[in-house]
Amino acid sequence: MGVFFIGDTHLGHTNAIKWRTNFSTPEEHDETIFNNIMNVSGRRNQLYVLGDFCIHKDAFHYVEEIAKSFDKVKLVLGNHDLEKEYNPTLNDYINLGIEVYGFVKYKEFWLSHCPIHPDELRGKVNIHGHVHDKTIIDSNYFNTSCENINYSPISLENIRKIINGNN
């Protein structure tokens, strides 16, 4: 069983290519991220999406395929999830069997969209998204924004290696 993390996929966000300039079109952006996620999918694997998953209902078909391809998909809501009338709704995610959180503890980690305040870490490492390529240089934080992990989910095993300096 593998556990994987990714944040800030921004599926369906047509303006994403304005700041993610390595993509020519919104379709190329979405297809690349979707294919990278599917490359680690498996019926025994879990995927944590740390916010800003799907920005427009037109791209929700990617979420549907992802949900079918993993044992579990868990979404920690981001600031762009559920934001506007064209976003998928909370029920859209729940109806696919996706577990939805605002903030959650997993093993020795806090999982959130935005980095949490250092006083709230309480001996745990914060795996988060939100900051895109503005990574906090501190071993108590691990940024899973797509820009920081080559637009591909990263395994729990690899996160632990990086945090422990064994990358």
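Among contacts in the protein chain between residues at least 6 apart in sequence, what percentage join residues at least 24 apart? The share is 63%, a contact being heavy atoms within 4.5 Å.

This is a predicted model, in which local features need pLDDT of at least 70, side-chain atom pairs count only at pLDDT 80 or more, and totals for chains, interfaces and linings use all residues. Residues are numbered from 1 along each chain as its sequence is written, and side-chain values use heavy atoms, with hydrogens and water left out.

**Figure 1. Overall fold of the protein chain.** Five helices and nine strands are present, taken as DSSP runs numbered from the N terminus (helices: H or I, at least four residues; strands: E, at least two). Their order along the sequence is β-α-α-β-α-β-α-β-β-β-β-β-β-α. The radius of gyration, 15 Å, is close to the 15 Å that the globule rule gives for 167 residues, so the chain is as compact as a globular protein of that length; the radius is taken over C-alpha atoms, and the rule is 2.2 Å times the number of residues to the power 0.38. Of the 167 residues, 49% are buried (buried: under 20% relative accessible area; exposed: over 50%; partly exposed: in between; 1.4 Å probe, protein chains only).

**Figure 2. Salt bridge between Glu99 and Lys74.** The structure holds nine salt bridges, each a side-chain nitrogen of Lys or Arg within 4 Å of a carboxyl oxygen of Asp or Glu. In the pair Glu99 and Lys74, the closest N and O atoms are 3.8 Å apart. This pair links distant parts of the chain, with Glu99 in strand S4 (residues 99-101) and Lys74 in strand S3 (residues 70-76), 25 residues apart. Glu99 is partly exposed at 23% relative accessible area, whereas Lys74 is buried at 12%. A network of salt bridges links Lys72, Lys74 and Glu99.

Figure 3. Glu157 pairs with Lys161, the closest N and O atoms lying 3.4 Å apart. Because the two residues are four apart in helix H5 (residues 156-163), about one helical turn separates them. Glu157 is exposed, with 52% relative accessibility, and Lys161 is partly exposed, with 35%.

**Figure 4. Salt bridge between Lys134 and Asp133.** The closest N and O atoms of this pair are 3.2 Å apart. Both residues are exposed.

**Figure 5. Loop position of Asn39.** Asn39 lies in the loop between helix H2 (26-38) and strand S2 (42-49) and is exposed, at 63% relative accessibility.
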